[in-house]
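Subject: Structure handover

Hello,

Here is the structure for your work. My notes on it follow below.

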Amino acid sequence: MSSNVRGHRFVLGLYVILVAAAGTAGFLAGTFVRDLTAPRFLFVIPFPATPVGFAAYGALTIALVLGLPLVLVVYVSSELDDDAV
């Protein structure tokens, strides 16, 4: 197995762990913090002010915030020519 494949697996695994941690943090915040207002994903889509709603909001927000730059890095690195001067 090449180191490139292992690197992709590591980054993907780290991404999944971070999204799951954000979902867990959202669930815990929704469970233990009182008087929270309902979050809005991208300031448009309302989520309920429940533990599951905060978990989904946290996971989706982190997935988007980390996912977009990651996709851009993958695209740029695939288009980069190592032999060019």
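Is Tyr57 buried, partly exposed or exposed? Tyr57 is partly exposed, because its relative accessible area is 28%, and buried would require under 20%. I return to this residue below, with its aromatic partners.

Please keep in mind that this is a predicted model. The average pLDDT over the chain is 89, and 88% of the residues score at least 70. Among the elements, the lowest mean pLDDT, 90, belongs to helix α1 (residues 3-32), and the highest, 94, to strand β2 (residues 45-46). Where pLDDT is low, the predicted coordinates should not be read in detail.

Overall layout

The chain has two helices and two strands, in the order α-β-β-α from the N terminus on. Of its 85 residues, 16% count as buried. If contacts between residues at least 6 apart in sequence are taken, 44% of them join residues at least 24 apart.

Aromatic residues

There are two aromatic pairs. In one of them, the ring centres of Phe41 and Phe47 are 6.3 Å apart and the planes stand at 90 degrees, so this pair is edge-to-face. Phe47 also pairs with Tyr57, again edge-to-face, with 6.2 Å from centre to centre and 65 degrees between the planes. This second pair links distant parts of the chain: Phe47 sits in the loop between β2 and α2, Tyr57 is in helix α2, and ten residues separate them. Phe41, Phe47 and Tyr57 together form one aromatic cluster.

As for burial, Phe41 and Phe47 are both buried. Phe47 counts as buried because its relative accessibility is 14%, whereas Tyr57, at 28%, is partly exposed.

The loop between the strands

Leu42, in the loop between β1 (40-41) and β2, has a phi of about 55 degrees. Phe43 lies in the loop between β1 and β2 as well, and its phi is about 65 degrees. Phe43 has a relative accessibility of 78% and therefore counts as exposed.

Around Gly30

Gly30 belongs to helix α1. Its relative accessible area is 13%, so Gly30 is buried. Leaving aside neighbours within four places in sequence, Gly30 is in contact with Leu36, Pro51 and Phe54. Gly30 and Thr50 are 20 residues apart in sequence, with 5.6 Å between their C-alpha atoms.

Surface patch

Phe10, Val11, Leu14, Leu18, Val65 and Leu66 make a nonpolar surface patch of about 510 Å². Helices α1 and α2 (51-79) are the elements that give two or more residues to this patch. The largest share comes from α1, with four residues. Leu14 is in helix α1, and its relative accessibility of 39% is why Leu14 counts as partly exposed.

Regards

How values were computed:
Residues numbered from 1 in each chain as written. Predicted model: local features only at pLDDT ≥ 70, side-chain atom pairs only at ≥ 80, totals over all residues. Heavy atoms only, no water. pLDDT = per-residue confidence, 0-100. Buried < 20%, exposed > 50% of the residue type's maximum accessible area, 1.4 Å probe, protein only. Patch = residues over 30% accessible without salt bridge, like charges linked within 9 Å, V, L, I, M, F, W, Y side chains within 5 Å. Areas by Shrake-Rupley, 256 points an atom, 1.4 Å probe, with all protein chains shown as cover. Salt bridge = Lys/Arg side-chain N within 4 Å of Asp/Glu carboxyl O. Contact = heavy atoms within 4.5 Å. Phe/Tyr/Trp six-rings, centres within 6.5 Å; stacked < 30°, edge-to-face > 60°.
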